Amino acid sequence: MRRVTIDPAKCQGHGRCVIIAPKYFDIDDSGFGVVLTDEVTDADRADIDEAILSCPESAIALSD
Ligand code: F3S
């Protein structure tokens, strides 16, 4: 199972990840992205890949 993360040092709260994959991402009270569930299923890989490509700050990463 691969794990998705948001680098808080890079995230600027653009929120594209939340629109693309709301099951995995949300915006916290401060307006920055947070990961809701970090274990990415194979079925959701395409959504996560799209979120990674869509983040203007390249803040999202997928690790083994
Ligand atoms: Fe942050 Fe990128 Fe999402 S800037 S809120 S991780 S689209």
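This chat goes through the ligand surroundings and the salt bridges of a predicted model.

Q: Before we start, what does pLDDT have to be for local features here?
A: This is a predicted model, in which local features need pLDDT of at least 70 and side-chain atom pairs count only at pLDDT 80 or more, while totals for chains, interfaces and linings use all residues. Residues are numbered from 1 along each chain as its sequence is written, and side-chain values use heavy atoms, with hydrogens and water left out.

Q: OK, which residues are around the ligand?
A: The residues around the ligand are C11, Q12, G13, H14, G15, R16, C17, I27, G33, C55, E57 and I60, where being near means that a heavy atom of the residue lies within 4 Å of the molecule.

Q: And how does that shell divide into nonpolar, polar and charged?
A: The shell holds 5 nonpolar, 5 polar and 2 charged residues; here Ala, Val, Leu, Ile, Met, Phe, Trp, Tyr, Cys and Pro count as nonpolar, Asp, Glu, Lys and Arg as charged, and the others, Gly among them, as polar.

Q: Switching topic, how many salt bridges are there?
A: The count comes to 5 salt bridges, each being a side-chain nitrogen of Lys or Arg within 4 Å of a carboxyl oxygen of Asp or Glu.

Q: Which residue meets D38 in one?
A: The side chain of R3 meets that of D38 at 3.2 Å, N to O. R3 lies in strand β1 (residues 2-6) and D38 in the loop between β3 (33-35) and β4 (39-40), so the pair ties together parts that are 35 residues apart in sequence. Strands (E, at least two residues) and helices (H or I, at least four) are DSSP runs, numbered from the N terminus.

Q: What about E39 and R3, how far apart is that pair in sequence?
A: E39 and R3 also meet in a salt bridge, at 3.0 Å, N to O; E39 lies in strand β4 and R3 in strand β1, so this pair ties together parts that are 36 residues apart in sequence.

Q: Where do R45 and D49 lie?
A: They are 4 residues apart in helix α2 (residues 45-54), separated by about one helical turn, and their side chains meet in a salt bridge at 3.7 Å, N to O.
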